[in-house]
Amino acid sequence: AEAAMVEAWPGLDLVAQVWLATTLAESDRIDDLWSLVDDSTDSLITRVRLMRVVKSYTSPGEALDDPVVIKGLASEGESVRVLAEWIEATLQIQAESRYGDAFK
């Protein structure tokens, strides 16, 4: 199934690509498809990826090492960069509330 989705990806319109990026399982078995999603230059797809990444971390340090977050923080697109910065700040606040002064 992954091979068929990888082959179809370039011909899909933006709505279909966003839907796939939103609904795909996080699995090593579909790494090639995730590579296509992550290589997308569309800001909506990048924002979807950022929203999916945020649930994976409780530590801002770990999140900052994620390629999707790195791409978002370096984005020239304001909406993508602001979302990545919000994710970073939210994780920092979460870490501080969980672990107190150890993160200050």
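Of the 104 residues of the protein, 33% count as buried, where buried means under 20% relative accessible area, exposed means over 50% and partly exposed lies in between, computed with a 1.4 Å probe and protein chains only. The structure is a predicted model, in which local features need pLDDT of at least 70 and side-chain atom pairs count only at pLDDT 80 or more, while totals for chains, interfaces and linings use all residues. Residues are numbered from 1 along each chain as its sequence is written, and side-chain values use heavy atoms, with hydrogens and water left out.

The protein contains 7 helices and 0 strands, in the order α-α-α-α-α-α-α along the sequence. Helices (H or I, at least four residues) and strands (E, at least two) are DSSP runs, numbered from the N terminus. The C-alpha trace spans about 50 × 30 × 15 Å along its principal axes. Among the contacts with a separation of 6 or more, 55% are accounted for by residues 24 or more positions apart; a contact means heavy atoms within 4.5 Å.

The buried residues of α4 are Ile45, Thr46, Val48, Arg49, Leu50, Arg52 and Val53. At the start of the helix, a side-chain oxygen of Asp42 lies within 2.8 Å of the backbone nitrogen of Leu44.

Two packed helices are described by the angle between their axes and the distance between the axes. Axes are lines fitted to C-alpha atoms, for helices over the stretch in contact, and angles run from 0 to 180 degrees between N-to-C directions. Ala, Val, Leu, Ile, Met, Phe, Trp, Tyr, Cys and Pro count as nonpolar, Asp, Glu, Lys and Arg as charged, and the others, Gly among them, as polar.

Helix α2 (residues 14-23) also packs against α4, with axes that come within 9 Å and cross at roughly 10°. The two helices are therefore roughly parallel to each other. On the α2 side the contact is made by Leu14, Gln17, Val18, Ala21, Thr22 and Thr23, and on the α4 side by Leu44, Ile45, Val48 and Arg52. These residues divide into 6 nonpolar, 3 polar and 1 charged.

Arg49, in helix α4, counts as buried because its relative accessibility is 8%. Not counting residues up to four places away in sequence, Arg49 touches Glu26, Trp34, Val37, Asp38 and Val68.

Ser40 is located in the loop between α3 and α4 and, at 12% relative accessibility, also counts as buried. Leaving aside neighbours within four places in sequence, Ser40 is in contact with Ile45, Thr46 and Lys71. The C-alpha atoms of Ser40 and Gln17 are separated by 9.5 Å, the two residues being 23 residues apart along the chain.

Val54 belongs to helix α4 and is partly exposed, with a relative accessible area of 23%. Residues up to four places away in sequence not being counted, Val54 touches Ile87 and Leu91. Between the C-alpha atoms of Val54 and Asp13, 41 residues apart along the chain, the separation is 26 Å.

Methods:
Polar contact = N/O pair within 3.5 Å; in protein donor to acceptor, adjacent residues only side chain to side chain. Parallel < 35°, antiparallel > 145°, perpendicular 65-115°, else oblique.
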